[in-house]
Amino acid sequence: MPALVLLGAQWGDEGKGKATDLLGGSVDYVVRYQGGNNAGHTVVVGDQKYALHLLPSGILSPGCTPVIGNGVVVDPSVLLSELSGLNERGVDTSKLLISGNAHIITPYNVTVDKVTERFLGKRKIGTTGRGIGPTYADKINRVGIRVQDLYDESILTQKVEAALDVKNQLLTKLYNRRAIAVGQVVEELLGYAEQIKPYVADTVLVLNKALDEDKVVLFEGGQGTLLDIDHGTYPFVTSSNPTAGGACTGAGVGPTRISRVIGILKAYTTRVGAGPFPTELFDEDGEALRRIGGERGVTTGRDRRCGWFDAVIARYATRVNGLTDFFLTKLDVLTGWEQIPVCVAYEIDGKRVEELPYSQTDFHHAKPVYEMLPGWSEDISKAKSFSDLPKNAQAYVKALEEMSGAPISAIGVGPGRDETIEINSFL
Ligand code: GDP
Ligand code: IMO
Ligand code: MG
């Protein structure tokens, strides 16, 4: 069973970094297939804490080859500073491979992201401001710059000219900003080229050959199912496909290769940025989840919006991703509540609805229907097996599993690698 996909089942920040790192020691390749440095993946190894944005979490596992696939958008300055930050801490990054087809986040894409948000005012998406949306827009509009373009100055210049032709009109005439000079952008991008060159590879060929040789490949999603451009809460989404199909297009492997799809699922729910969130809490419980769960964005430092577990969303994630397993994270954060509400369905305009409505209007009107589950007060952070958990914590996990539609194969009881209860092996 060589290829696994590991992805966020909610609105991101479910603990994908920790889960990937946990498996990193047993897999040969860890591949990012979409998104860019909008991600913030925290990995805790012993007393060391790492915040990764663009690099796959497998970079921290010495035996593993980290890969940035064609579906990722790469900000070269972030790439180089993340690499040098890890090198300074003694992490060997020399095995990294970057697809020559991955698109580059140019400085003008970052500018356009920021000015567009400002222009939208109160209708803004609350993006991370990292240039993600404008870079994917350029890709689809066929005016994007790819990693391989850094190695042909004449092509690079032509492409930057084509992209800036329209953007400078927008920036100067609509947004009242200064025009960006082609030469300046080309010079900056060329300045990164030599440093990045050793990593650039035909990653599609490498990964397919590895799979032919029965090597184990793990695809690590950024963001989450409900932030997916097709299947998320559009328009309050990111501009790529974190869902399972994105692993195929974003890495160039066929769907027949993938044998397991693991959804990372927080024992409650969080969201960063704007958009609907039926179980969001505005009271002391929300504040407590934020405090105990340390729910502050790794990338932007924004407080995360917090709410109770939403089983409707979990069921939806099972469906659109074909999940085979869940990895339930942060169960320890729920310790201490006498009763824990879990959203089992929605009430929309007076009617009970069991599945996520496809209509944006309906989803905006969805009110959670809660079932109360009994809580526990015992510290669970040292639990090593399911039977170590208090009875009510076991019942909470079992109830979530039943409502969510796929087996919970691992449970996180703390941020560290070893603070995990493994129920079914992933490999
Ligand atoms: P990602 O974007 O999905 O990788 O998640 P983030 O790293 O943005 O946010 C998850 C946070 O929860 C990080 O600070 C992790 O160290 C932490 N974390 C992951 N799993 C657990 C867990 O089971 N328990 C606790 N208490 N923290 C966890
Ligand atoms: P990880 O991988 C949580 C959100 C932003 C915003 C929307 C669009 O750490 O789970 P973008 O900059 O992507 O155009 O912003 O998506 N967002 C995330 N929220 N976790 C993330 O990544 C996110 N990446 C983007 O807050 O609402
Ligand atoms: Mg995150």
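Reader: Hi! Where is the place of Asn321?
Author: In this predicted model, Asn321 belongs to helix H10, which spans residues 311–321.

Reader: Is Asn321 buried or exposed?
Author: Asn321 is buried, because its relative accessible area is 6%, and the cut-off for buried is under 20%.

Reader: And which backbone nitrogen does its side chain reach?
Author: That of Ala244, with the side chain of Asn321 at 2.9 Å from it. Setting aside neighbours within four places in sequence, Asn321 also touches Leu7, Thr225, Thr243 and Val261, besides Ala244 itself.

Reader: Nice. Switching to the metal: what coordinates the magnesium ion (ligand 3)?
Author: Asp13 through OD and Gly40 through O, at 2.0 to 2.1 Å. The two are 27 residues apart and link distant parts of the chain. Asp13 is in the loop between strand E1 (3–8) and helix H1 (16–24), while Gly40 is in the loop between strand E2 (29–32) and strand E3 (41–45).

Reader: OK, on to ligand 1. Which residues come nearest?
Author: Of the 19 residues around ligand 1, those are Lys16, Gly17, Gly40, Thr42 and Asp332.

Reader: Which backbone atoms lie by its oxygen atoms, then?
Author: Among them, a polar backbone atom of Lys16 at 2.7 Å, a backbone N or O atom of Thr42 at 2.8 Å and one of Gly412 at 3.2 Å.

Reader: How much of the accessible area of ligand 1 does the protein cover?
Author: It covers 92% of the 580 Å² that ligand 1 has on its own.

Terms used:
Residues are numbered from 1 along each chain as its sequence is written. Chains are lettered from A and ligands numbered from 1 in the order in which they are written. This is a predicted model: local features need pLDDT of at least 70, side-chain atom pairs count only at pLDDT 80 or more; totals for chains, interfaces and linings use all residues. Side-chain values use heavy atoms; hydrogens and water are left out. Donors are N, O and S atoms within 2.8 Å of the metal (3.2 Å for Na, K and Ca); water is not among the atoms, so sites may look incomplete. Helices (H or I, at least four residues) and strands (E, at least two) are DSSP runs, numbered from the N terminus. Buried means under 20% relative accessible area, exposed over 50%, partly exposed in between (1.4 Å probe, protein chains only). A polar contact is a pair of N or O atoms within 3.5 Å; within protein, one must be able to donate a hydrogen and the other to accept it, and residues adjacent in sequence count only if both atoms are side-chain atoms. Contact means heavy atoms within 4.5 Å. A residue is near a molecule or strand if one of its heavy atoms lies within 4 Å of it. Accessible areas come from the Shrake-Rupley method with a 1.4 Å probe; for residues, only the protein chains shown count as cover.
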